[in-house]
Amino acid sequence: MATSKRPQAPAADSHELIRVHGARENNLKDVNVELPKRRLTVFTGVSGSGKSSLVFSTIAAESQRLINETYSAFLQGFMPTLARPEVDVLDGLTTAIIVDQQRMGGDIRSTVGTATDANAMLRILFSRLGKPHIGSPKAFSFNVASISGAGAVTLERAGRTVKERRSFSITGGMCPRCEGRGSVNDIDLSQLYDDGKSLNEGALTIPGYKAGGWNYRLYTSSGLVDPDKPIRKYTKKELQDFLYREPTRMKIEGINMTYEGLVVRVQKSMLSKDKESMQPHIRAFVERAVTFTTCPECEGTRLSADARSSKVKGISIADACAMQISDLADWVKGLKEPSVTPLLTALGHSLDSFVEIGLGYLSLDRSSSTLSGGESQRVKMIRHLGSALTDVTYVFDEPTIGLHPHDIQRMNDLLLRLRDKGNTVLVVEHKPEAIAIADHVVDLGPGAGTAGGEVMFEGTVDGLRGSGTVTGRHLDDRASLKPSVRTRSGMLEVRGASTHNLRDVDVDIPLGVLVVVTGVAGSGKSSLIHGSVSGRDGVVSVDQAPIRGSRRSNPATYTGLLEPIRKAFAKANNVKPALFSANSEGACPNCNGAGVVYTDLAMMAGVATTCEECEGKRYQASVLEHHLGGRDISEVLAMSVAEAGEFFGAGEAHTPAAHAILDRLSDVGLGYLTLGQPLTTLSGGERQRLKLATHMADKGGVYILDEPTTGLHLADVEQLLALLDRLVDAGKSVIVIEHHQAVMAHADWIIDLGPGAGHDGGRIVFEGPPDELVAARSTLTGEHLAAYVGS
């Protein structure tokens, strides 16, 4: 009898896995994993164990690099160059779309509406339906200025050259007073210069305007003012030229340069930038020298009077952008206009996506630089929800950050929807509720930094529970309520708080205890604390703003630890401290103290090779001959915080100033970091704790922490709670904005805002000890906390 052969599956169907072999990026130790496609894979492990190195720096980075290589060499020349990750084999990759926590918008004109397609569609809508009709969509854009001009043009016509007069005009929507910024600024001239001194005596007090530098010589050598005359004795013309002269080309010290008044120059170079993106010392100067007030002409809407005059059903585009997005979505649904039906459908879908993802409480005119990391990530998700693309790899970095337990289920549904469309979803996550929905789990560890970088478990969530790994053991951890709470030592009064959506909130925040401020995303927690408590005397705020630093910055430079170390080396060897800085005199001349040499290959990917002269140590050979306690400076920077703590704690290298900083770094759980590790390689959780360590030395009585569990593994939360206890027991008052139930359960006092988000929130719905909140179950937070502690 003839046997029938089973039909063979097409070869194309055999590529069902993303295979990673021999990954060595950052701290990974020859990691091998096989990830199923079109499934949801969650990567777990303690902070610093190598999750981001595997997901972002290896899989996503190689996918992006390969896509970039499909473009022409000409186009590649304009794109960021990506080096190939340290990995032996990467098979089965698909196009990777990264949805990370990087904050949006460094530009002062960037809003939620401009960062998505919503503003563009609204502008088209108003240009079609607005009464009176004022022009094209540009007429409703606060980024387009109205300009007009006229002049003669020369044309060739019928063999003759003729001149004709032509004029043109562009109608834009930009407010002419504030240039689309929504606020105007006044400069305090006394912060720019000391008018009792002359320029030659060093009158200018602006950062970057040092005597002798180019910025300074522009004024001393311009010939427009007398550099030896005190500024207060300038004539009216001299003062006008010095402060407000418009850009003028002139020869200064034999070089053709553009001269402009000091105020004009400062406004261009500093005030046109977003404050959040400035270096700390420049931001401090701007905060001293400049007062920002709402533009009186456009009332903060950024739009010209014409743009605000055109209305649809009594609503102007400024009114529409100021509405809460959930309300705007309802308004758009009520517009029935057959001529723009496809536009209304697309706009309605975009606005519904905001509501669906839990951002319905935002407004389109909200400046994108004011969004938290979690909000930014969810705004970026919006453009992918309605995408027709399938077989794409979506990579998420802790998408539940900033979400109340009530909102996490909604985020889980969105991740599963992306998967069910036929996409591969890779998620780096710590929250048990988010890990629970995984089809496949990869757990990295066992520790952090050099003690991590290995795959401890790969399989199902149930398999992880019984695996005995750190994550498996802590997955079902539940904190219990404290048997007794501390007694307050005083009160911090807040009266009539009305920032953003707050409704004249009055609250007494107890001092000398651990206070947790909670509530659903958008309920007004940050508005209450940052708007009414931050900035008071004795209040130290550790927020989520990212640390800015180049690849030359490291924990030693950021915390000020390098200063006492350099001085200790200098004293022991009787030489200058500057020799022990890789950014100063001690730098290797070949790599300028970077440790690597970057070779720019034009349109090809650049290559970074370890410097042959210093072998990556960053210092000149002569500097490494100087020792302290038997170690040279490069060996000290290669130590972990814990090692360095012992080294500087006793013996020949005993340095109390360095040891105090190292103790604080260990306190916040960063004992595994190496002192010389570039800041650019730190995870989000590590950066926040590094900031906390530096602020612990501040002379403040009240600490405000904004979601300190961000990026923390379940096992590390216990350590954080112990740190918060130590701060309170040392006499500090600690206020924590937090969603993590373990932190709520550990609080002495809870302030719960709500009941909903946006205009449905902004009220205090509970204040008191955690056991009363659990017993009452009167709020969403109370219900979730009761379920968490098993009451």
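**View 1. A proline in a loop between two strands.** Pro446 sits in the loop that links strand S16 (440–445) and strand S17 (454–459). This is a predicted model, and here it has a cis peptide bond running from Gly445 to Pro446, with omega near 0°. Why is that worth a close-up? Most peptide bonds are trans.

View 2. To find Pro132, look in the loop between helix H4 (118–129) and strand S6 (147–157).

View 3. Ala158 isn't a glycine, yet its phi is positive, at about 55°. For background, most residues other than glycine have a negative phi.

**View 4. The whole chain, for orientation.** Let's zoom out for a moment. The chain has 28 helices and 27 strands, and it is split into domain 1 (15–103 + 371–474), domain 2 (112–176 + 299–357), domain 3 (183–294), domain 4 (477–547 + 692–790) and domain 5 (549–681). Its C-alpha atoms fill a box of roughly 90 × 80 × 75 Å along the principal axes. How does the radius of gyration fit with a compact globule? For 791 residues such a globule would come out near 28 Å, and the chain has 30 Å, so the two agree.

**View 5. Where domain 4 meets domain 5.** The C-alpha centres of these two domains are 37 Å apart. At the interface, nine residues of domain 4 are in contact with 10 residues of domain 5. Together the two domains bury about 830 Å², and 67% of that is on carbon and sulfur atoms. On the domain 4 side, Ile547, Ala693 and Thr694 supply 54% of the area buried against domain 5, more than any other three residues.

**View 6. The salt bridge at that interface.** How many salt bridges are there between domain 4 and domain 5? The count is one. In the salt bridge shown here, the side chains of Arg726 and Asp667 meet at 3.3 Å, N to O. Across the interface there are also two residue pairs in polar contact. Helix H24 (684–695) and helix H25 (714–729) each bring at least two residues to the side of domain 4 that touches domain 5. Sort the residues of that side by type and you get six nonpolar, two polar and one charged.

Notes
Residues are numbered from 1 along each chain as its sequence is written. This is a predicted model: local features need pLDDT of at least 70, side-chain atom pairs count only at pLDDT 80 or more; totals for chains, interfaces and linings use all residues. Side-chain values use heavy atoms; hydrogens and water are left out. Domain bounds come from an automatic or database domain assignment. Contact means heavy atoms within 4.5 Å. Buried area is the accessible area (1.4 Å probe) that two parts lose on being put together, summed over both. A salt bridge is a side-chain nitrogen of Lys or Arg within 4 Å of a carboxyl oxygen of Asp or Glu. A polar contact is a pair of N or O atoms within 3.5 Å; within protein, one must be able to donate a hydrogen and the other to accept it, and residues adjacent in sequence count only if both atoms are side-chain atoms. Helices (H or I, at least four residues) and strands (E, at least two) are DSSP runs, numbered from the N terminus. Ala, Val, Leu, Ile, Met, Phe, Trp, Tyr, Cys and Pro count as nonpolar, Asp, Glu, Lys and Arg as charged, and the others, Gly among them, as polar. The radius of gyration is taken over C-alpha atoms; the globule rule is 2.2 Å times the number of residues to the power 0.38.
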